[in-house]
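Please look over the sequence and structure first.

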Amino acid sequence: MRHGRGWPVVIGGSAILIATIGIAFVRSADVEKGKVAFEQCAACHSLDGSGKDKDDGPTLKGVIGRKAGSLEDFRYSAAMKRSDVTWDAATLDKYITDPQAFIPGNRMAFAGITDGSQRDDLIAYLAVATR
């Protein structure tokens, strides 16, 4: 199955394989564990585009392939708007690791997730849940 901007997403058991851009990196991840990891994000972000998150964080619906800072109905920091980042597995991984290091001056009050497996699981979940 194709997902987003040419992302092949293969669901077999609890593993998802994601290849992105010209750099083919494949990660085995657990979507169910990613759903649990998303609970940290759910305080500020929705997945359904409901608009509940206008003050806290933008909806993550359709985040894969979207330019950072581009939703019209959310008030982004100037740093996010000028970042020139498009969200994919690689950029999400860097951002979720350390949001302030990846986009200095952004408003997201989150220290990051240092555990690579947990990030992989979260990104796999987002790839499925935000379509």
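**Helix packing, cysteines and a loop residue**

H3 and H5 cross in a right-handed sense (right-handed means the near helix is turned clockwise from the far one by less than a right angle, left-handed anticlockwise). This is a predicted model: local features need pLDDT of at least 70, side-chain atom pairs count only at pLDDT 80 or more, and totals for chains, interfaces and linings use all residues. Residues are numbered from 1 along each chain as its sequence is written, and side-chain values use heavy atoms, with hydrogens and water left out.

**H3 against H5**

- Helix H3 spans residues 89-97 and helix H5 residues 116-129 (helices are DSSP runs of H or I with at least four residues, numbered from the N terminus).
- Their axes lie 10 Å apart, at an angle of about 130° (axes are lines fitted to C-alpha atoms over the stretch in contact, and angles run from 0 to 180 degrees between N-to-C directions).
- H3 and H5 are therefore oblique to each other (under 35 degrees is roughly parallel, over 145 roughly antiparallel, 65 to 115 roughly perpendicular, the rest oblique).
- On the H3 side, Ala 89, Leu 92, Asp 93, Ile 96 and Thr 97 make the contact (heavy atoms within 4.5 Å).
- Their partners in H5 are Arg 119, Asp 120, Leu 122 and Ile 123.
- By class, the H3 contact with H5 holds five nonpolar, one polar and three charged residues (Ala, Val, Leu, Ile, Met, Phe, Trp, Tyr, Cys and Pro are nonpolar; Asp, Glu, Lys and Arg are charged; the others, Gly among them, are polar).

**H1 against H5**

- Helix H1 covers residues 31-38. The H1 and H5 axes come within 7 Å and cross at roughly 95°.
- H1 and H5 are therefore roughly perpendicular.
- H1 contributes Val 31, Lys 33, Gly 34, Lys 35, Ala 37 and Phe 38 to the contact. Among the H5 residues that meet them are Leu 122, Tyr 125 and Val 128.
- The contact of H1 with H5 has eight nonpolar, two polar and three charged residues.

**Cysteines**

- The whole structure has zero disulfides (a disulfide is a pair of cysteine sulfur atoms within 2.5 Å).
- For Cys 41, the closest cysteine sulfur is in Cys 44, 8.9 Å away and too far for a bond.
- Cys 41 is buried at 16% relative accessibility (buried is under 20% relative accessible area, exposed over 50%, partly exposed in between, with a 1.4 Å probe and protein chains only).
- Cys 44 is partly exposed, at 32%.

**Asp 84**

- Asp 84 is not a glycine, yet its phi is positive, about 60°.
- Asp 84 sits in the loop between helix H2 (78-81) and H3.
- Asp 84 counts as exposed, at 65% relative accessibility.

Technical notes. Helix = DSSP H or I, 4+ residues; strand = E, 2+ residues; numbered from the N terminus.
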